[in-house]
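Subject: Structure for you to look through

Hello,

Please find the structure we spoke about just below, and keep it open while you read the notes that follow.

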Amino acid sequence: MAIKLIQKYQGWWDSSQNRGHFWFTYYDNTRERSVYVDAPEFQIMMDMLRNEKPVYGDHTRALVTTQSEETGEEES
């Protein structure tokens with residue numbers, strides 16, 4: 001799967017199994033479910049999805065990434 005721009009997301013956490021997954025809605029309006037991730041991965045991904053823009057992802061690898069930013073650039 002290619003890395004695509006994420007427009008919206010939903011995070012699902014299952015406390016009984018201590019794992020979670022995400023639903024990514026991509027720029028082309030496709031909606032895909034990620035593989036399961038553990039608690040530290042879930043927290044890192046949720047932080048990036050909440051605080052970085054734009055965010056790109058690949059649900060098949062539970063991967064999220066941002067565009068490169070200049071050093072010292074502040075968040076808007």
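Two strands are said to pair if DSSP finds at least two bridges between them, and the helices (H or I, at least four residues) and strands (E, at least two) named here are DSSP runs, numbered from the N terminus. Please bear in mind that this is a predicted model, in which local features need pLDDT of at least 70 and side-chain atom pairs count only at pLDDT 80 or more, while totals for chains, interfaces and linings use all residues. Residues are numbered from 1 along each chain as its sequence is written, and side-chain values use heavy atoms, with hydrogens and water left out.

Strands

Strand 4 (residues 55-58) is joined by 4 bridges to strand 5 (residues 63-66), and the two run antiparallel; within this pairing, G57 has V64 in strand 5 as its bridge partner. The hairpin that these strands form has 4 residues between them, and A62 takes a positive phi near 50° there. Strand 4 also pairs with strand 1 in the antiparallel sense, over 2 bridges, and here L5 has Y56 in strand 4 as its bridge partner.

The nonpolar core

A nonpolar core is a set of buried Ala, Val, Leu, Ile, Met, Phe, Trp, Tyr and Cys residues joined through side-chain atoms within 4.5 Å, where buried means under 20% relative accessible area, exposed over 50%, and partly exposed in between (1.4 Å probe, protein chains only). The largest such core has 12 residues, among them I6, F22, V37, F42, V55 and V64. Strand 2 (19-26) and helix 1 (39-51) are the elements that give two or more residues to this core, and the largest share, 4 residues, comes from helix 1.

F42 and the aromatic rings

Which residues does F42 touch, not counting those up to four places away in sequence? With contact taken as heavy atoms within 4.5 Å, F42 touches G11, W12, W13, G20, H21, F22 and V37. Rings of Phe, Tyr and Trp (its six-membered ring) pair if their centres lie within 6.5 Å, and planes under 30 degrees apart count as stacked, over 60 as edge-to-face and the rest as tilted. By this rule there are 4 aromatic pairs. The rings of W13 and F42 have centres 5.1 Å apart and planes at 55°, so this pair is tilted; because W13 lies in strand 1 and F42 in helix 1, the pair ties together parts that are 29 residues apart in sequence. F42 counts as buried, at 12% relative accessibility, whereas W13 is partly exposed at 36%. Ring pairs also link W13, F22, F24, Y26 and F42 into a cluster.

Charged side chains

A salt bridge is a side-chain nitrogen of Lys or Arg within 4 Å of a carboxyl oxygen of Asp or Glu, and the whole structure holds 2 of them. In one, the side chains of K4 and D28 meet at 3.2 Å, N to O; K4 is in strand 1 (residues 4-14) and D28 in the loop between strand 2 and strand 3 (31-33), 24 residues apart. K4 counts as buried at 13% relative accessibility, while D28, at 35%, counts as partly exposed. R61 and D58 also meet in a salt bridge (2.9 Å, N to O), and D58 is buried, with a relative accessible area of 0%.

A charge sits over a ring if NZ of Lys or CZ of Arg is within 6 Å of the ring centre and within 35 degrees of the ring normal. The charged end of R19 sits over the ring of Y36, 3.6 Å from its centre, and R33 lies over the face of Y36 at 4.5 Å from the ring centre.

Best wishes
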